[in-house]
Amino acid sequence: MIFALTINKNWYNRHLDVDNAYLYGELNEEIYMSPPDGSNDEKCEGKVLKLNRPIYGLRQSGLEWYCTLDKALEDIGFRRLAACNCLYTFEDKAVIALYVDDLALFAESEDILTNIEEKIRENFKIKNLGPIKYFLGKYTMSILERFNMMECRVVSTPLDNSIPITKKDCPTTDKEKDEIKHVPYRELIGSLLYLANSSRPDKLAQFCSNPGERHWQAAKHILRYLQATKNVSLIYKRGSDDILAFSDSDWANDIDDRRSTSGSAVTINGCLVSWRSKKQNCVSLSTIESEYIALAQTTKEILWIAQILENLKCLTNASRPITIFCDNRAAIEFSKNNIENNRSKHIDIRYHYIREKVNSGDIHVNYISTNDNLADIFTKGLKRTAHQNACAAMNCLDTGILPDISKIQSGKWHKAFKEGREEFADEPRSGRPTTARTDENVDRVLEVLRTDRQLSTQQLLTHYTCPHLWYN
């Protein structure tokens with residue numbers, strides 16, 4: 001979300017990394033530890049060591065580091081957002097996003113970035129990693145390499161929707177369990193959950209305690225998809241501050257317990273900034289109920305995002321009501337109707353939260369067809385054509401067809417960006433065959449770039465290479 005807003009405002013960015021971040025924290029209690037393995041000092045024999053600073057592996061370390069960093073940023077002049085503890089603003093001219101020991105700085109000028117970096121350097125030892133070049137791209141490659149899937153056969157969708165995945169596929173005999181116990185299923189699912197950021201692999205996570213062969217093959221299927229889409233990125237472009245949300249559900253799609261799956265997607269200026277896929281906590285008795293529950297969950301997400309945007313007046317002029325699109329007309333009418341009947345009185349009261357927000361004018365729910373609903377892809381596995389269309393609608397494009405960054409920095413490609421498709425097509429594209437799909441991606445990317453051809457080199461690079469959020 002911060003990337004979408006800062007790119008829209010033509011801001012600059014910088015990536016800072018704090019060395020040995022946890023060691024800067026302070027302990028508020030006495031903690032002792034056994035001497036580390038390999039310690040031959042006779043003085044340590046039969047004794048314990050008292051910790052003077054938090055160390056990696058200590059439960060308190062993360063919290064103590066955050067408290068130390070929070071105080072340092074406030075002393076510099078940053079103000080923490082009330083809606084999000086990991087976002088700070090500086091005189092409405094800069095924003096900083098925290099992720100453990102990584103700091104993402106955004107400011108309206110390079111001078112402000114440099115000034116903030118110098119102030120942070122007075123408190124911590126940091127490394128300047130330059131403009132942000134990737135977000136999860138390198139992590140994707142590390143997963144493929146870790147599970148020996150760098151040379152695997154690729155697929156076009158993350159899940160094979162023709163093969164249902166159920167608890168019936170879990171091993172039941174000791175022999176079957178022995179055959180699968182050597183498989184690193186939990187490790188793979190954990191890696192995918194971090195990468196997906198609340199996306200599709202949660203369907204496979206429910207089988208971690210007793211995975212079967214089919215579950216393992218389904219998890220490897222996701223790796224094949226990641227290998228095929230390792231160059232696919234979210235493209236952010238400049239435009240308006242329009243905020244839209246999409247809500248959907250797949251009714252009773254879990255064969256084991258017949259619970260539904262909710263999906264949501266939030267866009268700013270047509271660019272995806274938030275997405276979610278979650279199994280519902282109760283069994284829905286109708287499609288209306290499952291869609292209504294999904295709407296309530298989407299409402300909570302979009303209003304939280306709205307609170308963040310209200311704290312970021314320097315970046316956006318977004319206003320309410322916020323539109324949520326849903327592909328079920330009955331659920332839309334039900335969200336506006338306060339009359340209860342025998343078919344709806346059993347619905348948990350917490351899901352009526354959306355009615356309050358509709359009546360207060362914070363939320364407006366509109367109808368959209370299923371084919372145009374961006375949240376549909378987060379509720380179930382789609383067929384190839386539908387999946388690719390959904391990716392294209394969310395500006396998920398193959399950046400592997402883009403020229404080498406070094407050529408852009410040399411200025412060689414500026415002319416190509418201005419003059420268009422022909423000169424760009426003359427250059428080889430990493431040995432990949434020219435296909436209609438590739439040509440379409442080139443045209444779409446160039447359309448974005450031509451709009452901003454007057455941007456500086458750093459801004460242009462930020463515009464289409466930051467961040468590389470790999471779609472899953």
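Predicted model: local features only at pLDDT ≥ 70, side-chain atom pairs only at ≥ 80, totals over all residues.

Trainee: How many helices and strands does the protein chain contain, and what share of the residues is buried?

Mentor: The protein chain has 17 helices and 15 strands. Of its 472 residues, 51% are buried.

Trainee: Why is Q280 called buried?

Mentor: A residue is buried when its relative accessible area is under 20%. Q280 has 1% relative accessibility, and therefore it counts as buried. Its place is in the loop between β12 (271-279) and α9 (287-311). Leaving aside residues up to four places away in sequence, Q280 touches S249, R259, S260, S262, S290, I293 and A294.

Trainee: What makes the pair Q280 and S262 a polar contact?

Mentor: The term requires a pair of N or O atoms within 3.5 Å, one able to donate a hydrogen and the other to accept it. The side chains of Q280 and S262 are joined at 2.8 Å, so the distance lies within that cut-off.

Trainee: How do you know that S277 is buried, and what does its side chain reach?

Mentor: S277, in strand β12, has a relative accessible area of 5%, so it is buried. Its side chain reaches the backbone oxygen of F378 at 2.6 Å.

Trainee: Why does N13 count as buried?

Mentor: N13 belongs to strand β1. Its relative accessibility is 2%, and for that reason N13 counts as buried. The side chain of N13 reaches the backbone nitrogen of I132 at 2.8 Å. N13 and A94 are 81 residues apart in sequence, while their C-alpha atoms are 9.5 Å apart in space.

Trainee: Which strands make up the open sheet, and what makes a strand an edge strand?

Mentor: The open sheet has six strands in the order β4-β5-β6-β7-β1-β8, with antiparallel pairing. Its edge strands are β4 (79-80) and β8, each of which pairs on one side only.

Trainee: How do you know that β5 and β6 pair?

Mentor: Two strands pair if there are at least two bridges between them. β5 and β6 have four bridges, in the antiparallel sense, and so they meet the definition. Y88 stands opposite I96 in β6, and T89 stands opposite V95 in β6. The two strands form a hairpin with three residues between them, and E91 in the turn has a positive phi of about 50 degrees.

Trainee: Over how many bridges do β6 and β7 pair?

Mentor: β6 and β7 pair over six bridges, again in the antiparallel sense. In β7, D102 is the bridge partner of Y99. These strands also form a hairpin, with two residues between them, and V100 in the turn has a positive phi of about 55 degrees.

Trainee: Why is β6 described as largely enclosed?

Mentor: Five of the six residues of β6 are buried, and therefore the strand is largely enclosed by the rest of the structure.

Trainee: Which residues of helix α3 are buried, and why are they said to lie on the same side?

Mentor: The buried residues of α3 are I112, L113, I116, E117 and I120. They lie on the same side of α3 because they cover an arc of only 135 degrees around the axis. These residues pack against β1 (12-18), α2 (61-76), β5 (87-90), β6 (94-99), β7 (102-107) and β8 (126-128).

Terms used: Residues numbered from 1 in each chain as written. Heavy atoms only, no water. Buried < 20%, exposed > 50% of the residue type's maximum accessible area, 1.4 Å probe, protein only. Arc of directions from axis to C-beta. Contact = heavy atoms within 4.5 Å.
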